[in-house]
Amino acid sequence: MNKNWCARINPVVRDLPPSGIRRFFDMVAETRGVISLGVGEPDFVTPWHIREACIYSLEKGHTMYTSNSGLLELRRAIARDLASTYGVSYDPRSEILVTVGVSQALDLALRALVCPGDEVLIPEPSYVSYAPVVMMAGGKVVFLPTSIEEGFCLRAHQVEAAITPRTKVLLLCYPNNPTGAVLDRKTLEEIAEVAVAYDLIVISDEIYDRLTYVGQHTCVASLPGMKERTVLLNGFSKSYAMTGWRIGYACSNGDFIAAMTKIHQYTMLCAPITAQMAALEALKNGRPSMERMVREYNRRRNVIMHAFRDMGLPCFEPRGAFYAFPEIRVTGLTSEEFAGTLLQEEKVAVVPGNAFGPSGEGFVRCSYAASLDDLGEALRRMARLVRRRGVRPRVISSPVRPLAGLDVGVTAAGGASS
């Protein structure tokens, strides 16, 4: 038997580069005493009433499979939430699929949509999994660069200029990971007009929708003419501090949801019932806890943004999610050199911006989903490195204390790429 396994592996998978985030955090795991601003995971534990609902469901013996599509009660709650928040209506029986996190929802959507050679437009810097998942579905990635000068916002003319006869999908993520950029309604309407004119399908990953601090989030599916051509993805990981529960959902046309469900039923069957019961409780009673967490993120956002500017690093104002994306070119280091030096010399972990695409070079991603104590100490350490690189700082703003009454608990930082 030929034991050369590499020759037998699907070449698309074999040739995929490892995640730029995970590769860097392999280094972090080998360094003691690190303060991590790298992982995109809330430092809050899931609110108690949500955990309690899960425990109670287990006590009642809810340990079986659910429908492939998910608990109907949960799908109804999702439909009510979207209707009341964004005015967009979905049939819970046929137009909503509960998935194992938004990552699975994205994978299902692309596999159900993309044929070999189809082109998928992706604004970048972009979340690290988008391009690989497109490639594994047989598609061709076409990146649309964004810049700090444009507020890391995609523009309609960029979309139109990139369209070819093979273009099928536009993949959006706003509020954005890694930049924190938010698209205003006018910009989204202009992009939507291009999507309609060229008959594009839009996959809109709106996992950070509730973490919008400036203006209001616009749901893509709520725009005129867009519900019928949008696959809306969302979940519970970020807004409700439920990363480890792995629960998300997709909403779209009933025929397309049926196609996604075919793949889901053969590969995953259903999302875990315990996570679905917890998600149901989050939608029923979780808004106050979510709003308290969002207020605290906003306080941290202001601390980190002003601290970077004070130490001499230009920092775009992140208007959503929980990431800052400071520019580090003034230090004379590349993104990887800055992150590596910061880790080795000051024991602070951030993610090199080039992990998110070529437009991220010259930046680093810093998550402010960390306690203000850790955030303050990390910023002081970063300021020392920046001073050693000859950058002239101002006085760093003093971190404020977190709001009282939050259910704060630091989670493990060894999860999936975020």
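Colleague: I have started at Pro125, in the loop that runs between strand 3 and helix 7 (130–136). What kind of peptide bond joins Glu124 and Pro125?

Modeller: A cis one, with omega at about 10°. Do keep in mind that this is a predicted model. A cis bond also joins Tyr174 and Pro175, where omega is about -5°. Pro175 sits in the loop between strand 5 (167–173) and helix 9 (185–197).

Colleague: Thanks! What makes Ala241 worth a look?

Modeller: Its phi is near 55°, a positive value in a residue that is not glycine. You will find Ala241 in the loop from strand 7 (230–235) to strand 8 (248–251).

Colleague: Let's turn to the sheets. In what order do the 7 strands of the open sheet come?

Modeller: The order is 2-8-7-6-5-3-4, and the pairing is mixed. On average, neighbouring strands there are turned by 20° against each other, leaving direction aside.

Colleague: Why are strand 2 (96–99) and strand 4 (140–145) called edge strands?

Modeller: Each of them pairs on one side only. For strand 4, the pairing is with strand 3 (residues 119–124), in the parallel sense.

Colleague: How do you know that strand 3 and strand 4 pair?

Modeller: Pairing asks for at least two bridges between the strands. Strand 3 and strand 4 have 6 bridges, so they count as a pair. One place to look is Val120, whose bridge partner in strand 4 is Val141.

Colleague: And what about the sheet with 3 strands?

Modeller: That one is open too, with the order 9-12-11 and antiparallel pairing. Its edge strands are strand 9 (323–324) and strand 11 (351–352). Strand 11 is joined to strand 12 (residues 364–367) by 2 bridges; the cut-off is at least two, so this counts as pairing as well. Across from Val351 you will see Arg365 in strand 12.

Colleague: Now the helices. How does the reach of helix 12 (residues 287–310) compare with what is expected?

Modeller: From first C-alpha to last, helix 12 reaches 34 Å, which is close to the 34 Å expected for its 24 residues at 1.5 Å a residue. After helix 12 comes Gly312, with a positive phi near 100°.

Colleague: What describes the packing of helix 12 and helix 14 (residues 372–388)?

Modeller: Their axes are 11 Å apart and meet at an angle of about 10°. Angles under 35 degrees count as roughly parallel, so helix 12 is roughly parallel to helix 14.

Colleague: Which residues make that contact?

Modeller: From helix 12 they are Glu296, Arg300, Val303, Ile304, Ala307 and Phe308, and from helix 14 they are Leu372, Leu375, Leu379 and Met382. By class, the contact holds 8 nonpolar and 2 charged residues, with no polar ones.

Colleague: Arg300 of helix 12 is in that contact. Why is its meeting with Asp43 called a salt bridge?

Modeller: The rule asks for a side-chain nitrogen of Lys or Arg within 4 Å of a carboxyl oxygen of Asp or Glu. For Asp43 and Arg300 the N to O distance is 2.8 Å, so the pair meets the rule. By this rule the count comes to 22 salt bridges.

Colleague: What makes Asp43 and Arg300 a link between distant parts of the chain?

Modeller: They are 257 residues apart: Asp43 belongs to the loop between strand 1 (35–36) and helix 4 (48–59), while Arg300 belongs to helix 12.

Definitions and conventions
Residues numbered from 1 in each chain as written. Predicted model: local features only at pLDDT ≥ 70, side-chain atom pairs only at ≥ 80, totals over all residues. Heavy atoms only, no water. Helix = DSSP H or I, 4+ residues; strand = E, 2+ residues; numbered from the N terminus. Expected span 1.5 Å × (residues − 1). Axes fitted to C-alpha atoms, helices over the stretch in contact; angles between N-to-C directions. Parallel < 35°, antiparallel > 145°, perpendicular 65-115°, else oblique. Contact = heavy atoms within 4.5 Å. Nonpolar A, V, L, I, M, F, W, Y, C, P; charged D, E, K, R; others polar.
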